[in-house]
Amino acid sequence: MIIVNTEYISGKNLHTIGLVKGSVVQSKHMGKDIMAGFKTMVGGEIKGYTDMMNEARTIATQRMVNEAGALGADGIVGVRYASAAVMQGAAEVIAYGTAVKFI
């Protein structure tokens, strides 16, 4: 499956199937959250949260791909990501795009 953030795939004629999405709400365990709190006092990257968000994007993307596959799609165009804090230490990540079939 080809996944792009553009509205087209070079060299392909596309038939639109429809919107597909995948989401996940992810959190880190209490120990990592406490350590992240200490890191905010001195500045710099909070690696635990970076890792958490990367993992969440991967899961959300796979769920979007699975939904597109179930619809018989060959690709997904216009892929976007959004995130929102759900509660302290937890975030939702959603991946969405347009499933397409090659014609």
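Is Lys47 buried or exposed? With a relative accessibility of 53%, Lys47 counts as exposed; the cut-offs are under 20% for buried and over 50% for exposed, with partly exposed in between, using a 1.4 Å probe and protein chains only. The structure here is a predicted model, where local features need pLDDT of at least 70 and side-chain atom pairs count only at pLDDT 80 or more, while totals for chains, interfaces and linings use all residues. Residues are numbered from 1 along each chain as its sequence is written, and side-chain values use heavy atoms, with hydrogens and water left out.

Now for the sheet. It is an open one, built from 4 strands in the order β1-β3-β4-β2, with mixed pairing. The edges are taken by β1 (2-3) and β2 (14-27), each of which has a single partner strand, so one side of each has no neighbour in the sheet. Strands β2 and β4 (residues 90-102) run antiparallel and are joined by 13 bridges. Within this pairing, Lys21 sits opposite Tyr96 in β4. As for the terms, two strands pair if DSSP finds at least two bridges between them. Helices (H or I, at least four residues) and strands (E, at least two) are DSSP runs, numbered from the N terminus.

Next come the salt bridges, and a search of the whole structure turns up 4 of them. To count, a side-chain nitrogen of Lys or Arg has to be within 4 Å of a carboxyl oxygen of Asp or Glu. One of them joins Arg80 to Glu7, with the closest N and O atoms 3.7 Å apart. Arg80 belongs to strand β3 and Glu7 to the loop between β1 and β2, so this pair ties together parts 73 residues apart in sequence. Arg80 is partly exposed at 36% relative accessibility, and Glu7 is exposed at 54%.

Asp51, at 33% relative accessibility, is partly exposed.

Helix α2 (residues 47-70) also holds Thr61. Thr61 counts as buried because its relative accessible area is 17%. Its side chain makes a polar contact with the side chain of Tyr81, at 2.7 Å. A polar contact is a pair of N or O atoms within 3.5 Å; within protein, one must be able to donate a hydrogen and the other to accept it, and residues adjacent in sequence count only if both atoms are side-chain atoms. Setting aside neighbours within four places in sequence, Thr61 is in contact (heavy atoms within 4.5 Å) with Tyr81 and Ala95.

Finally, there is Met87, found in strand β3 (residues 75-87). Met87 is exposed, at 56% relative accessibility. The C-alpha atoms of Met87 and Val25 are separated by 10.0 Å, although the two residues are 62 residues apart along the chain.
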